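Student: I am new to this one. Please show me how to read it, one feature at a time.

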6 protein chains.
Amino acid sequence: MRAAVIGEFKIFAGSANPALAKSIACELGARLGGCVVDRYPDGNVAVELLESVRRKEVFLMQSTSPPASDHLVELLALADACRRAGAGCITAIVPYFGYGRADKRSGRREPIMARLVADVLQVVGIEHLVMVDLHTPQIEGFFHSPVDSLTAVPTLCEALRGRLPAGIVVVSPDVGRLPMASRYAQRLGTSVVVLHKQRVSGTETRITHIVGNVSDLACLIIDDMITTGGTVAESVKALLSAGARPEIIVAATHGVFVRGAREKLSHPAVRDVLVTDTVRVTEKDWPQLHVVSIAPLIAGAVRRIVADGSLVELR
Amino acid sequence: MRAAVIGEFKIFAGSANPALAKSIACELGARLGGCVVDRYPDGNVAVELLESVRRKEVFLMQSTSPPASDHLVELLALADACRRAGAGCITAIVPYFGYGRADKRSGRREPIMARLVADVLQVVGIEHLVMVDLHTPQIEGFFHSPVDSLTAVPTLCEALRGRLPAGIVVVSPDVGRLPMASRYAQRLGTSVVVLHKQRVSGTETRITHIVGNVSDLACLIIDDMITTGGTVAESVKALLSAGARPEIIVAATHGVFVRGAREKLSHPAVRDVLVTDTVRVTEKDWPQLHVVSIAPLIAGAVRRIVADGSLVELR
Amino acid sequence: MRAAVIGEFKIFAGSANPALAKSIACELGARLGGCVVDRYPDGNVAVELLESVRRKEVFLMQSTSPPASDHLVELLALADACRRAGAGCITAIVPYFGYGRADKRSGRREPIMARLVADVLQVVGIEHLVMVDLHTPQIEGFFHSPVDSLTAVPTLCEALRGRLPAGIVVVSPDVGRLPMASRYAQRLGTSVVVLHKQRVSGTETRITHIVGNVSDLACLIIDDMITTGGTVAESVKALLSAGARPEIIVAATHGVFVRGAREKLSHPAVRDVLVTDTVRVTEKDWPQLHVVSIAPLIAGAVRRIVADGSLVELR
Amino acid sequence: MRAAVIGEFKIFAGSANPALAKSIACELGARLGGCVVDRYPDGNVAVELLESVRRKEVFLMQSTSPPASDHLVELLALADACRRAGAGCITAIVPYFGYGRADKRSGRREPIMARLVADVLQVVGIEHLVMVDLHTPQIEGFFHSPVDSLTAVPTLCEALRGRLPAGIVVVSPDVGRLPMASRYAQRLGTSVVVLHKQRVSGTETRITHIVGNVSDLACLIIDDMITTGGTVAESVKALLSAGARPEIIVAATHGVFVRGAREKLSHPAVRDVLVTDTVRVTEKDWPQLHVVSIAPLIAGAVRRIVADGSLVELR
Amino acid sequence: MRAAVIGEFKIFAGSANPALAKSIACELGARLGGCVVDRYPDGNVAVELLESVRRKEVFLMQSTSPPASDHLVELLALADACRRAGAGCITAIVPYFGYGRADKRSGRREPIMARLVADVLQVVGIEHLVMVDLHTPQIEGFFHSPVDSLTAVPTLCEALRGRLPAGIVVVSPDVGRLPMASRYAQRLGTSVVVLHKQRVSGTETRITHIVGNVSDLACLIIDDMITTGGTVAESVKALLSAGARPEIIVAATHGVFVRGAREKLSHPAVRDVLVTDTVRVTEKDWPQLHVVSIAPLIAGAVRRIVADGSLVELR
Amino acid sequence: MRAAVIGEFKIFAGSANPALAKSIACELGARLGGCVVDRYPDGNVAVELLESVRRKEVFLMQSTSPPASDHLVELLALADACRRAGAGCITAIVPYFGYGRADKRSGRREPIMARLVADVLQVVGIEHLVMVDLHTPQIEGFFHSPVDSLTAVPTLCEALRGRLPAGIVVVSPDVGRLPMASRYAQRLGTSVVVLHKQRVSGTETRITHIVGNVSDLACLIIDDMITTGGTVAESVKALLSAGARPEIIVAATHGVFVRGAREKLSHPAVRDVLVTDTVRVTEKDWPQLHVVSIAPLIAGAVRRIVADGSLVELR
């Protein structure tokens with residue numbers, strides 16, 4: 001196989017989050033590769049690289065955030081262009097992997113979208129992936145190619161440090177987030193409380209138990225992503241009912257924020273909402289919202305990848 | 001491989017054109033298979049089959065018309081659901097193959113989207129394709145799987161018959177449409193005129209020559225698809241300058257009609273615009289527009305495929 | 001592809017659990033296909049089919065229970081022999097998928113064995129899988145081929161019915177088993193209690209919380225598999241400390257029972273241990289152990305698969 | 001996968017040996033499928049099927065006899081045409097597999113042509129192979145698809161029966177042919193003699209030992225193929241030197257007969273040369289040459305394949 | 001993947017055009033890699049590399065010119081030998097891609113030879129292609145691997161410059177060659193005339209229109225390849241009838257020249273015929289024929305590929 | 001593709017023969033890469049790399065000696081871990097390829113295990129193999145990846161030199177070992193004798209002829225592997241009956257030695273038994289047994305592979 005020249009690389013970005021791409025390039029002391037990512041009059045994705053990638057190691061930056069299909073097709077198009085132009089090795093940096101929740105069938109007649117997306121990314125020639133806080137660790141196994149999973153927990157903890165009131169517990173909004181909550185608690189030197197929730201319908205959930213004590217404590221609700229805000233809103237309600245202090249902070253890696261999410265999160269007890277910029281945040285005039293950049297983390301990963309180094313300490 | 005039970009089949013439709021799917025099912029005396037094709041709150045495609053496809057021969061109806069990425073991902077999701085549910089053989093009916101014009105690179109650093117789409121359709125388990133009036137015949141070669149290419153020319157000619165003024169020539173708007181124009185001319189018993197056009201920019205073209213005589217003749221401008229309407233508008237202008245009678249009819253297989261197309265087509269000399277329903281037409285109150293259904297053609301193909309018959313006469 | 005003749009099938013069994021294979025064949029009114037599954041003098045797997053499989057639908061029965069590597073290689077060898085002999089469609093029935101717990105990497109430098117096994121099963125020509133109570137539902141997504149996941153919960157509930165004392169709760173030994181515990185509870189008309197455990201080392205765990213009330217109640221501890229018995233022993237201890245009645249019943253789908261497991265399970269409070277025969281049970285003289293046959297469930301699945309029917313009701 | 005309709009099949013033939021194809025069709029009471037196998041003015045292979053193969057089981061008859069490259073490309077072209085036309089299952093009947101001797105590398109920098117040919121046959125969609133007297137049994141393992149290996153030994157023995165003088169031994173011209181020689185001897189009720197030969201150069205060999213007694217005996221020299229005739233000529237010389245009677249009969253499955261072969265075989269002691277028609281024999285006026293048709297054997301295999309039967313007795 | 005050592009490469013040549021291979025090596029200041037490309041007595045391709053390719057970047061030079069099947073199989077054999085010998089990256093330089101016209105099906109039951117050849121080239125391990133003036137740009141899309149398409153137009157224009165009479169137009173012999181004709185016209189500072197031709201039969205064509213003025217002008221007929229010479233002969237006749245001066249020059253990239261081509265081109269009005277050496281020209285004593293070497297162009301491409309450079313300026 | 005950094009490599013070893021791995025590392029002046037190769041309580045293979053392999057060239061040492069299934073699965077697991085951890089190029093060094101004898105089907109309904117193992121090794125990402133004295137050279141063709149076959153004959157000849165009595169012949173125990181025997185004879189300057197044996201049953205053989213003279217000569221019986229010792233024991237008996245001197249030496253590359261082998265080899269005439277350490281020898285107190293290390297040979301191959309050199313002289 002054509003090998004990438006060691007140490008030389010180029011980063012191109014799709015349209016999902018150009019600001020993050022620029023920050024990462026900046027952190028790396030590099031320049032974003034020139035490329036056109038546009039639409040034909042019929043809305044079809046139009047892509048062109050403006051510089052040579054021959055045998056270069058190429059990083060393609062693109063979260064598959066909403067509109068996920070368009071962002072996915074852009075990423076595929078960029079990878080196809082790179083492969084056909086003789087790129088040496090194509091790594092996709094997908095800070096937010098937007099089909100991560102579709103990692104299993106709940107009945108017998110559904111797709112497994114996360115595996116499907118893994119397959120199509122690989123068929124166009126993407127040989128390596130860098131992703132942040134995957135919804136479940138099994139998703140790595142949907143890929144045959146190597147996946148370097150990063151976590152934003154240390155980044156968010158760093159940003160949280162000055163902001164946390166005394167007497168705070170980390171709250172996992174359901175049992176699935178327990179491993180992530182434990183990472184927060186370990187870094188922040190506090191303990192974990194778990195909410196047991198039941199999904200009542202597609203978008204509605206109900207908290208049935210709280211494992212651990214929240215009485216008279218401030219709470220840091222954590223999650224991998226905030227989409228509708230419903231989970232957080234339910235959690236806030238349950239925590240307050242259980243005697244928590246009305247000092248609640250919310251931290252999540254991916255701030256997807258669909259229509260109505262801000263309203264659900266705007267409870268007077270919610271002091272701060274922290275997310276990273278894996279997904280471009282378009283909300284304005286929302287004083288509680290703080291966006292922490294993931295760029296240093298990803299730049300660090302790219303630097304180690306290019307230099308042949310180990311990513312263990314970034315896990 | 002799990003074989004489909006011969007003669008039994010199911011048709012499911014994505015959201016691109018449910019009306020066409022229903023018409024085809026109706027033509028076949030069949031029922032559309034029950035399925036949910038929806039969106040999660042974050043806009044991601046959500047798909048579920050509502051009936052068993054185990055070992056059934058499955059036809060998935062979906063044009064990759066705008067929004068093409070969403071319609072493509074829906075088709076992939078449906079195919080994944082079918083494959084995982086044990087479908088016997090999965091055929092995609094893609095009446096309008098929306099990446100057909102992206103069948104080559106114009107520089108060195110572009111994708112070949114039509115091949116890319118062929119690859120991703122096949123990787124999810126689509127083993128056979130039925131498509132109508134492909135932009136170039138080479139697209140069949142982008143697929144390893146069999147492709148049954150149909151043409152809407154006979155269908156449109158049938159619809160045109162009563163409507164054509166005497167003394168009419170078929171006009172190919174550029175040299176690439178010459179084979180299609182010849183098919184029209186042969187069926188309608190008239191001759192072909194070819195416009196030589198030059199693309200000035202991405203969306204603008206200029207006619208430089210007219211091969212053949214149009215003086216004092218009515219014109220039938222044909223094309224595989226109408227997107228912006230620019231090509232037709234230019235052709236109308238050139239034909240009238242060359243002395244054509246202001247009796248112009250336009251026929252195209254795929255009526256994609258992006259914003260502004262109707263205006264470009266609304267020239268007083270344009271008497272009628274005929275398209276098929278490969279793409280769902282949402283234009284209303286446009287008296288010149290006539291939509292001819294492709295459903296009988298596709299139903300005929302399905303019937304022959306299921307019954308093991310030859311499609312040669314449908315070519 | 002060569003198609004299997006509809007309705008005709010053959011079942012062959014590896015050496016992992018011939019008794020179960022026979023029971024299934026018996027349930028189906030069929031005969032086990034003749035085959036030799038042996039060892040060369042150097043211990044290498046030696047396989048030969050004794051009857052024609054040409055275009056037959058073939059089911060290969062083999063749990064990848066310990067010794068897992070040998071049982072896996074036997075299954076691969078059987079599939080290779082079938083494919084080379086012209087079998088029409090090869091389905092592996094793997095009642096116990098022995099690498100299910102290795103479904104993710106805990107660090108960066110580990111294999112994902114469950115995906116690896118999925119890949120090698122598929123590369124030899126296995127096109128369909130039937131498995132029982134997978135460790136996580138994501139494992140289905142490690143396969144590109146269709147996977148029909150069955151559950152032994154109804155079978156075990158049926159067997160439990162006469163045996164259960166009044167006033168019993170279903171105990172999930174950790175949060176991962178909660179969905180399975182809920183199924184038990186729903187069928188048995190009772191409620192669920194969840195233990196929160198922490199893994200202290202590779203084999204040792206510690207219970208930290210009990211979510212729900214067990215005071216003065218009998219307990220049905222459920223799990224997908226029992227290997228060392230350590231989880232159950234820990235659970236028993238914790239439940240008794242929390243005031244549960246010393247009337248504990250244990251139910252699990254897969255009774256792997258490695259050396260020492262029986263001792264760990266032999267607590268005076270443990271009245272009954274129920275497992276199915278997905279793994280061959282070699283324990284003798286253990287009055288508390290009850291083995292419930294999964295054969296009717298699997299036979300039902302085979303019957304529906306062969307007859308083109310739906311497995312939805314077996315989920 | 002699209003399944004072939006059981007029991008219906010079509011046979012098409014490349015240009016390597018149309019007479020054999022016709023005989024096989026005739027034996028089967030079938031008609032050869034209509035197809036054009038021609039050359040463009042530049043010598044490129046031009047192929048067209050003249051009848052529908054949709055979902056039919058298709059057999060493609062073509063030995064890769066000289067000119068091997070052209071015959072191979074014809075076979076690939078036929079398979080591609082069938083696959084694209086929706087054929088159900090494509091079996092190649094390759095009575096003479098012309099790259100069989102190139103089954104290993106003698107140095108480090110050679111191709112393994114037999115594996116290469118296996119790969120290209122499979123990539124165009126050939127899913128099953130029928131071949132006769134492969135040069136080594138390992139060649140089956142170069143294919144992932146099933147290979148049904150037939151042998152012409154019984155056919156040739158039948159033809160030899162009336163023709164054999166008393167007191168005859170079967171002669172294996174080298175140790176590699178020993179298994180084939182033993183099959184002859186077993187059927188003819190006689191014993192085997194083996195010549196040990198050393199290859200002196202690419203085309204020349206020297207016999208160094210004769211294992212077994214030939215003194216005053218007639219000899220049946222057998223081989224899988226006769227190409228230059230050099231091996232047979234050397235064997236004749238060695239046998240006569242060792243005291244064999246000058247009554248020698250030669251039997252080989254594949255009569256490739258390159259230029260000069262007839263001269264080498266025209267020794268007065270060689271009474272008869274028997275070959276089958278796996279390769280089209282164009283030699284004329286050669287009274288010692290007898291061509292025995294393999295058609296009944298292959299027709300028998302096709303009949304069993306189509307009817308789902310076992311080929312064990314044809315081995 | 002084993003990576004080629006950057007900057008080191010080897011070129012090996014098949015038997016199609018050793019003189020061109022030598023010229024390219026000479027231009028590069030390199031030596032052709034030693035290899036044997038021969039035939040066994042039965043005509044089968046025999047290949048052996050005479051030097052190590054371990055981890056070297058390897059270029060394999062071979063046009064698939066007539067006899068195309070043999071030249072194709074030689075190329076496959078060379079690639080297989082390289083891959084098995086541990087080559088780092090295998091690029092095929094196919095100056096004339098001999099199946100380029102077979103890029104579509106005209107009916108439903110034909111192969112698409114250009115795609116078939118793309119598939120078999122890739123299956124043996126060819127990862128990159130360099131080709132000159134492909135018949136249609138879509139052929140790039142038949143390959144999954146990167147294709148670097150070069151054009152001989154600048155090379156031929158350079159050679160034409162001194163030779164062109166004043167008052168000359170570029171003639172495209174059919175509408176398909178229009179883009180190539182425009183490139184010539186742009187470089188030579190003149191205009192384009194297009195002939196509209198109809199194919200009457202497999203080898204015969206008829207010109208129906210001439211778009212543009214040729215009256216009293218000299219003509220440069222261009223084409224991608226000359227095979228039978230029929231297209232050129234027809235064009236000459238039509239141009240003269242339309243009043244062109246009997247000063248006609250013919251330029252084509254690929255001079256395939258099958259039997260009879262020279263006669264068809266030997267019209268008194270045809271002053272010069274220029275082709276490149278992508279195909280070995282064996283014609284002798286033909287004063288009008290001028291062969292321009294493509295070696296500098298290809299050497300330039302190889303130099304840039306090896307040095308990681310851009311080929312954009314060679315397009 | 002991600003390329004390995006040239007010249008840097010890591011060697012990891014499975015549990016089959018850690019001593020050999022250490023010797024090889026030592027010969028190379030390298031350190032064995034740290035890794036855990038262990039078993040879970042249920043006996044399943046557990047693997048973890050303890051150091052980074054990112055973009056490193058990785059060599060995985062593992063013979064598939066008994067227990068072959070476990071050793072195979074360990075090798076697969078190591079390769080999966082390396083691929084997922086971003087290794088540059090994965091080469092498996094399999095000194096003893098334990099399925100080599102299963103290289104063909106003897107009937108129609110058997111697997112071809114050697115091809116099966118080749119397929120699974122490649123599917124996990126092993127791109128290159130180094131093996132010693134393969135049972136048949138065709139096995140290289142079961143792999144698509146390059147295979148570097150080494151031979152232990154020079155190593156064993158070197159070790160034999162001082163030990164050989166005068167007047168010795170090399171004995172090939174059957175016709176399949178003739179090429180290996182010739183290599184011995186050529187190096188030792190003596191001649192070859194071949195035994196013709198017939199397999200009576202699975203484990204029993206009978207010698208029918210001895211080609212060449214052994215009368216009053218010492219014998220060196222050679223073989224690729226010794227498993228049960230049956231072949232050697234039979235050979236010894238036959239040679240003594242034919243008048244050989246009771247001075248017999250046995251040399252084989254792979255000393256598999258299953259239970260009972262030592263007894264069969266312990267004939268008073270057998271003076272010495274030489275094997276290499278491709279398989280870990282666990283026999284103790286067996287004075288006739290001499291184990292010669294293959295480490296220098298394999299280290300030499302690794303050194304040349306890493307340095308991009310030729311292995312021709314190691315053949």
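Student: How far apart are the nearest C-alpha atoms of chain C and chain E?

Tutor: Contact means heavy atoms within 4.5 Å. Chain C and chain E do not touch, and their nearest C-alpha atoms are 17 Å apart. Chain A and chain D do not touch either, with their nearest C-alpha atoms 17 Å apart. This is a predicted model, where local features need pLDDT of at least 70, side-chain atom pairs count only at pLDDT 80 or more, and totals for chains, interfaces and linings use all residues. Residues are numbered from 1 along each chain as written, chains are lettered from A and ligands numbered from 1 in written order, and side-chain values use heavy atoms, without hydrogens and water.

Student: What rotation superposes chain A on chain B?

Tutor: Two copies of a chain are related by a rotation about an axis and a shift along it. Here the rotation is 180 degrees, with 0.0 Å of shift along its axis and an RMSD of 0.0 Å. The same surface serves both copies: 100% of the contact residues of chain A recur in chain B.

Student: In which order do the strands of the open sheet in chain D run?

Tutor: Strands are DSSP runs of E, at least two residues long, numbered from the N terminus. Two of them pair if DSSP finds at least two bridges between them. In chain D, five strands form an open sheet, ordered S1-S4-S5-S6-S7, with parallel pairing. Strand S1 (9-13) and strand S7 (147-150) of chain D are the edges, each pairing on one side only.

Student: Which residue stands opposite D:Phe9?

Tutor: D:Glu57 in S4(D). S1(D) and S4 (residues 57-61) of chain D pair in the parallel sense over five bridges.

Note on methods: Least-squares fit on C-alpha atoms with pLDDT ≥ 70 in both. Helix = DSSP H or I, 4+ residues; strand = E, 2+ residues; numbered from the N terminus.
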